[in-house]
Amino acid sequence: MASSEEDGTVEEKENNNKKRTKSALTTAWLTFYNIAMTAGWLVLALAMMRFYIKKGTHKGLYRSIARTLKFFQTFALVEVGHCAIGIVRTSVIVTGVQVCSRIFMVWFVASSIRQIQNEESVILFLVVWTVTEITRYSYYTFKLLNHLPYFIKWARYNFFIVLYPLGVVGELLSIYAALPFVRRSGMFSMRLPNKYNVSFDYYYCLIIVMLSYIPLFPQLYFHMLRQRRRVLHGEVIVEKDD
């Protein structure tokens with residue numbers, strides 16, 4: 001019996017050590033990731049300010065930062081993986097929608113349709129994204145380091161109240177501005193007949209994307225408001241099972 005108890009104790013210690021090691025590695029990776037993303041969006045912010053100070057106009061700004069923007073925004077797909085494997089307690093669906101909608105805006109709207117790159121709406125969502133991401137990633141970084149300044153916490157759960165709707169307005173206006181160019185050029189569209197026997201019209205796809213904001217925006221916005229009440233005011237939010 002003594003031998004069995006000793007074996008059980010040793011095994012339990014080994015399991016605890018493995019869990020601690022895994023937890024430490026996870027924390028180290030998440031800390032590195034969030035520091036890198038904070039730095040990336042800070043670089044974007046500085047690049048945009050430097051461009052505007054030098055040129056005195058927003059025209060040409062998007063093109064000057066497009067490569068950096070595409071890299072860091074696309075790299076955010078890692079966050080969907082974090083949710084999927086359970087190292088971050090956030091909904092895969094919520095994170096996936098937010099990340100993929102941003103990637104869509106970068107790759108398939110702003111970067112692909114050069115005619116809209118100088119639109120004020122594009123600059124609007126760029127500025128909103130930049131402020132939001134610097135705040136968000138710095139919040140996660142300080143939290144992982146167990147040294148979270150109250151201002152960062154406050155900013156994380158208050159800035160979005162104004163920034164989120166402004167970002168949505170910028171995105172929708174940018175897509176709307178792209179519609180005439182897409183319709184004339186037929187870009188990303190497939191017409192029948194073709195060897196795949198498939199028809200796709202990117203113009204109507206963009207319209208559907210715009211309409212999708214109607215049900216998605218309120219859900220994501222009110223999700224953030226619930227998080228705000230829980231974090232800043234300590235309210236217990238009871239989520240109903242679907």
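Q: Is asparagine 158 buried or exposed?
A: In this predicted model, local features need pLDDT of at least 70, side-chain atom pairs count only at pLDDT 80 or more, and totals for chains, interfaces and linings use all residues. Residues are numbered from 1 along each chain as its sequence is written, and side-chain values use heavy atoms, leaving out hydrogens and water. Buried means under 20% relative accessible area, exposed over 50%, partly exposed in between (1.4 Å probe, protein chains only). The relative accessibility of asparagine 158 is 13%, so asparagine 158 counts as buried.

Q: With which side chain does the side chain of asparagine 158 make a polar contact?
A: Leaving aside residues up to four places away in sequence, asparagine 158 touches Arg228 and Leu232 (contact: heavy atoms within 4.5 Å). A polar contact is a pair of N or O atoms within 3.5 Å; within protein, one must be able to donate a hydrogen and the other to accept it, and residues adjacent in sequence count only if both atoms are side-chain atoms. At 2.8 Å, the partner is the side chain of arginine 228.

Q: What is the C-alpha separation of asparagine 158 and methionine 224?
A: Along the chain these residues are 66 residues apart.

Q: How are α7 and α8 oriented to each other?
A: The axes of α7 (residues 159-185) and α8 (residues 202-233) come within 10 Å and cross at roughly 175°. Angles under 35 degrees count as roughly parallel, over 145 as roughly antiparallel, 65 to 115 as roughly perpendicular and the rest as oblique. Therefore α7 and α8 are roughly antiparallel.

Definitions and conventions
Axes fitted to C-alpha atoms, helices over the stretch in contact; angles between N-to-C directions. Helix = DSSP H or I, 4+ residues; strand = E, 2+ residues; numbered from the N terminus.
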